[in-house]
Amino acid sequence: MKTFTIDTENSITAFASKQEAGEGESFSSRQELASLVAEWPADRLVEVWNGIPGLTPVKKFTDRKSAVSRIWKAIQSLDGGSPAEAATTAPKRANKAKAAAKKSKNARSAAKVPAKAAKGKRAKAGNKPAAARDGSKKAEVLGLLQRKSGATLAQIMKATGWQAHSVRGFISGTLGKKMGRTVESTKREDGERVYTIAG
């Protein structure tokens, strides 16, 4: 069954199975997505939607239920590739059809469609490993994980102010998939999980 993850930067990635998805915020059905986002602020749902390339950005949703429904429908075209690659395929086809229809009406509005496609391409290029900006939370977490002793979940939560699921999503999505870093997770004798990263 296809499983989706949402990282701390609100990017959605599709995986062929739950095992592939690993740790972090994941869901496999619209109901699981609804449960996951039940406590989220409405702004975060808007960011998730606006982060899917090829879709018309929104400023707000009518309600949480319609937001979940629209996001779930939009991500069904994801196929387990990178988030941008998978998400741009179906919307590009839709944009081409829209462009053809608009062209006959008005050349100016047809010119806007390629600009949206270009945004999708930029997102695709953004899949290259990104360096962490000095002073950012990403840099802070990397610093903690690169220590010889690594860092526990509690230590990362304290340093960033994030909740546990956000930390796990960041480690899995941003560090693991986007930056290509290998994060090792081990359990100490006291049962506490420690995360470490090489280099």
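Which residues in helix 7 meet which residues in helix 8?

## Basis of the description

The model is predicted, so to speak of local features requires pLDDT of at least 70 and side-chain atom pairs count only at pLDDT 80 or more, while totals for chains, interfaces and linings use all residues.

In helix 7, Lys-137, Glu-140, Val-141, Leu-144 and Leu-145 meet Gln-155, Ile-156, Ala-159 and Thr-160 of helix 8 (contact means heavy atoms within 4.5 Å; helices are DSSP runs of H or I with at least four residues, and strands runs of E with at least two, numbered from the N terminus). By class, this contact has five nonpolar, two polar and two charged residues (Ala, Val, Leu, Ile, Met, Phe, Trp, Tyr, Cys and Pro count as nonpolar, Asp, Glu, Lys and Arg as charged, and the others, Gly among them, as polar).

The axes of helix 7 (residues 137-145) and helix 8 (residues 153-160) come within 10 Å and cross at roughly 150° (axes are lines fitted to C-alpha atoms, for helices over the stretch in contact, and angles run from 0 to 180 degrees between N-to-C directions). The two helices are therefore roughly antiparallel (angles over 145 degrees).

An open sheet is formed by three strands in the order 2-1-3, with antiparallel pairing (two strands pair if DSSP finds at least two bridges between them). Its edge strands, each pairing on one side only, are strand 2 (12-15) and strand 3 (25-27).

Strand 1 (residues 3-6) is joined to strand 3 by three bridges, and Thr-5 has Ser-26 in strand 3 as its bridge partner. Helix 2 (residues 30-37) packs on the sheet, touching strand 1 and strand 3.

Terms used. Residues are numbered from 1 along each chain as its sequence is written. Side-chain values use heavy atoms; hydrogens and water are left out. Angles under 35 degrees count as roughly parallel, over 145 as roughly antiparallel, 65 to 115 as roughly perpendicular and the rest as oblique.
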